[in-house]
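Okay, thanks for coming, everyone.

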Amino acid sequence: MGHKTQGAAIVLSVMLFVSNFGGPIAGVLVKLTSARFVCVTGAVFCTTGIFFSGFSTNIVHLILTYGILLGLGLGFIQNAGFVSINSYFKLKKSIAVGIAMAGTGIGQTIMPHVVRYLLDHYGFRGACLLLSSLSLHGICGTLLIQPVEWHMKKVEEEVVIDEKISLLENNHNSNDEVYKGNRRATVPTILHENGKETENSHKIFQSHSELQVHQNGKTNGHMNGHNNPEPKQNKTILRKIYDLLDISLLSNPRFLNVILGTALTFISIQNFSMLYPLFLQKVVGMNKQETANCMSAVAFADIIGRLSLPQAQAKFKISARMTLVLTSIWLLVIRQILAYQTDMFVLLAMSSLYGFGRSMVIVSRNIAISEQCRMDQVASAVGLGMLSMGIIVPPMGYFLGWIRDYTGSYIICITAQNAILVLFLIMWIPDMLHQYYQDRKKNKSIEEEMQMT
């Protein structure tokens, strides 16, 4: 189309901007519909955007098709896809996310070669049409994201209450069967006024106090045989939007700290990925093939990391926040050493180590956000995290580019990228220590209360 690199940068920037700002929209749609519907819609947007890009005649057309349609589709898939995986797994969540994102890494490694082949043999329009046909498979894939409720099985469990926990002390009922050693409590049956069992008759309650709360909730509206429902409050449009987006999450300082921290790690990694090939060619003096070898080493190690490191995280029960801190320290050290290397074999080894560590930052980012909210708030929380990236990434990216142009040094620019990781560590480590000592103090007080009883 005759545009220089700046034109391509504009289209790519619009796509990234729309993708990140589409996160909150996807969160709202997940609440109103389902994660499956949002993923399918995202796949349709992606296919449509790639298809119509093939018929573009100027940069404005590409902004509308590639920038907006494709960007919105990617934002929908990124948010709703993670929400689906998050609902499927609890103990092995990081492993599941790692496997899912390993597919993305493999695609990013293979697709450049596929695109080059299609461009050489079919031209720009033919390549876009064939790529859109490949994208159609994404619709079939997203249809497999079925609600977890479809596959849940009814399991009757026996409640075993530790002897030290005397939750039944103040609420003895005739339904209780108490034994010495371990105390076994039968599950009380909840009845309507007419004596029939309710739909929650076989619900397992952790204690009689929980049962009492449930019974109170059921009977408050049916006192003395009269139905007394609580009066409904009419919500304004702004209040409905506030609730749908879960803006209340932003009132939590820890949640704000988490989404800002994950945005900083994303900025640092993204800018290094853009700068690294230029560093290899202009500072080290590598040719295109040698540069491609180093970038392939990064991609290959990234895929291995996404498959293997989550296994270690699950085995040793390391939280997502701690994983992000450890891998950020790893990346900071590796990149600072790498900036002063010129030997080909050393750079290949350092590239592999960098890709290995980068994988866990990518895998753990959304998991760290989901750990700070309830299950029903995950879609909104991830959307707000994407929104924070959309707000922070452009100015920070411009600032890092300015540092490179002003100083004329790639090493100083890499050091500035590492400084962003240092800022991230300064934000997170004190908060994590504070949370650790709070949890420790709380657990100690609970143990003391149990010993007194």
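Predicted model: local features only at pLDDT ≥ 70, side-chain atom pairs only at ≥ 80, totals over all residues.

Let me start with a question: does isoleucine 304 count as buried, partly exposed or exposed? It counts as partly exposed, at 36% relative accessibility. For the cut-offs, buried is under 20% relative accessible area, exposed is over 50%, and partly exposed is in between, with a 1.4 Å probe and protein chains only.

Residues are numbered from 1 along each chain as its sequence is written, and side-chain values use heavy atoms, with hydrogens and water left out.

Back to isoleucine 304, then. You'll find isoleucine 304 in helix H8, residues 288–315. When I say helix, I mean a DSSP run of H or I with at least four residues, numbered from the N terminus.

Glycine 23 is another one to look at. Glycine 23 is in helix H1, and at 0% relative accessibility it counts as buried. What is glycine 23 in contact with, if we leave aside neighbours within four places in sequence? Asn79, Gly383 and Met386, where contact means heavy atoms within 4.5 Å.

Now the core. The largest nonpolar core has 72 residues, and the ones with the most contacts inside it are Tyr276, Phe279, Leu280, Leu347 and Trp428. H7 gives the most to this core, with 14 residues. By nonpolar core I mean a set of buried Ala, Val, Leu, Ile, Met, Phe, Trp, Tyr and Cys residues joined through side-chain atoms within 4.5 Å. Take phenylalanine 279: not counting residues up to four places away in sequence, phenylalanine 279 touches Val284, Leu338, Ala339, Gln341, Tyr410 and Ile414. There's also a second, separate core of six residues, and Cys46, Leu70, Ala127 and Leu131 are among them.

On to charges. How many salt bridges does a search of the whole structure find? Seven, taking a salt bridge as a side-chain nitrogen of Lys or Arg within 4 Å of a carboxyl oxygen of Asp or Glu. Here are some of them.

One joins the side chains of aspartate 246 and lysine 31, at 2.5 Å, N to O. That pair links distant parts of the chain, 215 residues apart, with aspartate 246 in the loop between helix H6 (237–245) and helix H7 (253–284), and lysine 31 in helix H1 (residues 5–32). Aspartate 246 is buried at 8% relative accessible area, while lysine 31 is partly exposed at 33%.

Another pairs arginine 254 with aspartate 431, at 3.2 Å, N to O. Again it links distant parts of the chain: arginine 254 is in helix H7 and aspartate 431 is in helix H12 (residues 410–452), 177 residues apart. Arginine 254 counts as buried, at 19%, and aspartate 431 is buried at 15%. Arg254, Arg321 and Asp431 are linked in a network of salt bridges.

Then there's arginine 374 with aspartate 376, at 3.0 Å, N to O. Arginine 374 is partly exposed at 48%, and aspartate 376 counts as partly exposed at 46%.

A quick word on backbone angles. Most residues other than glycine have a negative phi. Aspartate 246 has a positive phi of about 55° although it is not a glycine. Lysine 317 also has a positive phi, near 55°. Lysine 317 is in the loop between H8 and helix H9 (320–338), and it is exposed, with a relative accessible area of 75%.

Last stop, H10. Of its 27 residues, 19 are buried, so H10 is mostly covered. H10 bends by about 35° at serine 364, the bend being the angle between axes fitted to the seven residues ending there and the seven starting there. At the N-terminal end, aspartate 343 caps H10, with a side-chain oxygen 3.1 Å from the backbone nitrogen of phenylalanine 345.

That's my tour, so over to you.

Key:
Helix = DSSP H or I, 4+ residues; strand = E, 2+ residues; numbered from the N terminus. Polar contact = N/O pair within 3.5 Å; in protein donor to acceptor, adjacent residues only side chain to side chain.
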